[in-house]
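User: I am new to this structure. Can you show me how to read an interface between two chains?
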Amino acid sequence: MANNEIQDWIRNQISSNEVLLFMKGSPEQPQCGFSGQVVQMLNYLQVDFNSVNVLADEEIRSGIKEFSNWPTVPQLYVKSEFVGGADIIKEMFQEDELLDFFKDKGIKTK
Amino acid sequence: MPMTSSDLIRYIKEKLPDANIEINDLAGDNDHYSAVITSNSFVGKNRIQQHQMVHDALKDKLGTDLHALTIKTITPKEKG
C-alpha cells in the first residue's frame with residue numbers, strides 16, 4: 001500500500017473502533033511485555049477493545065508511529081483519541097485515573 | 001546497537017538542560033531503561049506532550065537503537 005493509503009487505513013480503524021490497541025501480537029498471545037501489560041489492564045477493567053497486530057504488517061508497524069508521532073508500540077486509542085503507550089497507560093492505571101477516563105468517554109467498564 | 005545510560009542522559013540534557021534524570025537499567029543490557037525526568041519544561045503540557053519532548057531529545061533512537069524506555073515525567077511542583 002502507498003503511505004497515504006496506510007495512513008487512511010489507520011485513521012479508518014481508529015475512527016471505527018471505540019477502543020483500539022495497536023500492539024505486538026494479539027490479546028491472547030502478546031509478543032511483547034509492554035503490549036501484554038496494556039492487555040492485562042484493559043481486561044482487569046473489563047473494557048471491550050479491538051486490536052491490531054503490528055507484527056503482521058511492517059507497513060502498519062511503521063505507519064502507526066508516523067500517524068501518532070510516537071516511536072513505540074503499544075498505542076491505545078479511545079474514541080479516536082491517542083491515550084498513550086504502555087508507560088502512560090500504566091501510570092494512569094496506578095493513579096486510578098484510567099477507570100474514570102473510560103467512564104468519562106462513555107466506555108463500558110467493570 | 002544499544003545505548004549507554006550516560007549517552008541517554010546526555011541526549012535528554014541536550015534538549016532539557018534543567019532536567020533531573022534518574023535512570024534505571026532494567027535488564028543490564030543497555031537496551032531497557034526506565035527514566036524518571038523532572039523538568040520545568042513540562043509545566044503546562046499533558047503527559048503525551050511531555051513524553052514527546054523526551055522522544056524528540058532521543059531523535060530517532062527510541063524504538064531503533066534503544067528497544068525500550070519507560071518514561072515518567074514530573075514537573076518540579078509535582079515533585080513537592
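User: How many residue pairs are in polar contact across the interface of chain B and chain A?

Analyst: Start with pairs of N and O atoms that come within 3.5 Å. This model is predicted, and both residues of a pair must reach pLDDT 80 or more. Across the interface of chain B and chain A, seven residue pairs pass.

User: Which elements of chain B supply residues to the side that touches chain A?

Analyst: Look at helices and strands next. Here α2 and β3 (68–74) of chain B each supply at least two residues of that side. By class, the side has five nonpolar, six polar and two charged residues.

User: How many salt bridges are there between chain B and chain A?

Analyst: For charge, look for a side-chain nitrogen of Lys or Arg within 4 Å of a carboxyl oxygen of Asp or Glu. The count here is five. One of the pairs is K72(B) with E95(A), at 3.6 Å from N to O.

User: What area is buried between chain B and chain A?

Analyst: About 1300 Å², with 55% from carbon and sulfur atoms. R47(B), I48(B) and Q52(B) supply 43% of what chain B buries against chain A, more than any other three residues. In contacts, 13 residues of chain B meet 16 of chain A.

User: Where in chain B is confidence lowest, and where is it highest?

Analyst: Check confidence by chain, then by element. Chain B has a mean pLDDT of 90, and 96% of its residues reach 70 or more. Helix α3 (residues 76–79) of chain B is lowest, at a mean of 76, and helix α2 (residues 47–57) of chain B is highest, at 95. For the complex, the predictor gives an ipTM of 0.89 and a pTM of 0.92.

How values were computed:
Residues numbered from 1 in each chain as written. Chains lettered and ligands numbered in written order. Heavy atoms only, no water. pLDDT = per-residue confidence, 0-100. Helix = DSSP H or I, 4+ residues; strand = E, 2+ residues; numbered from the N terminus. Contact = heavy atoms within 4.5 Å. Buried area = accessible area lost by both parts, 1.4 Å probe. Polar contact = N/O pair within 3.5 Å; in protein donor to acceptor, adjacent residues only side chain to side chain. Nonpolar A, V, L, I, M, F, W, Y, C, P; charged D, E, K, R; others polar.
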